[in-house]
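Trainee: I've just opened this one and would like a quick tour. Can you put it up on the screen?

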Amino acid sequence: MSIIIKNSQLGPETMESLDKLTDLDINAAIAFKLTRIIKEISSIVEDKNKMEQMIINKHSEKDEDGKPVQAKDDQGNPVGVNIKSMEAFSADMEDLMSIEN
């Protein structure tokens, strides 16, 4: 049996939900299979997160030291980074999120 899942379906809540499953009182065979599934999904989530950061870094405005420029809200609180081209950024993120695993 294989499961196909898109990157867009994998977020922080995915790992939280899977971690909750491991806390259940289940038999050893099921726990073993579940652990293998969680290990595989964890690896995919980790790789997806790394690629998201690479895309953010690629499309963010940089200061004179080459570091991303922080975007700020009305009160001056950091809320992310300034993106140079939202269209290019969105296209790259859409490509990443559409990948099936």
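Trainee: Does H1 pass H2 in a left-handed or right-handed crossing?
Mentor: H1 passes H2 in a left-handed crossing (the near helix is turned anticlockwise from the far one by less than a right angle). Bear in mind this is a predicted model: local features need pLDDT of at least 70, side-chain atom pairs count only at pLDDT 80 or more, and totals for chains, interfaces and linings use all residues. Residues are numbered from 1 along each chain as its sequence is written, and side-chain values use heavy atoms, leaving out hydrogens and water.

Trainee: OK, and at what angle do H1 and H2 pack?
Mentor: About 165 degrees, with the axes 11 Å apart (lines fitted to C-alpha atoms over the stretch in contact, angles running from 0 to 180 degrees between N-to-C directions). So H1 is roughly antiparallel to H2 (an angle over 145 degrees).

Trainee: Which residues of H1 meet H2?
Mentor: Thr 14, Met 15, Leu 18, Leu 21 and Thr 22 do, and on the H2 side they meet Leu 34, Ile 38, Ile 41, Ser 42 and Val 45.

Trainee: What about H2 and H3, how do their axes cross?
Mentor: At roughly 170 degrees, coming within 10 Å. H2 and H3 are therefore roughly antiparallel too. Their contact (heavy atoms within 4.5 Å) includes Met 51 and Ile 55 of H2, and Phe 89 and Leu 96 of H3.

Trainee: Switching topic: how many salt bridges are there in the whole structure?
Mentor: Three, counting a side-chain nitrogen of Lys or Arg within 4 Å of a carboxyl oxygen of Asp or Glu. One of them joins Glu 46 and Lys 50, with the closest N and O atoms 3.6 Å apart.

Trainee: Where do Glu 46 and Lys 50 sit?
Mentor: In helix H2, four residues apart, so about one helical turn separates them.

How values were computed
Helix = DSSP H or I, 4+ residues; strand = E, 2+ residues; numbered from the N terminus. Parallel < 35°, antiparallel > 145°, perpendicular 65-115°, else oblique.
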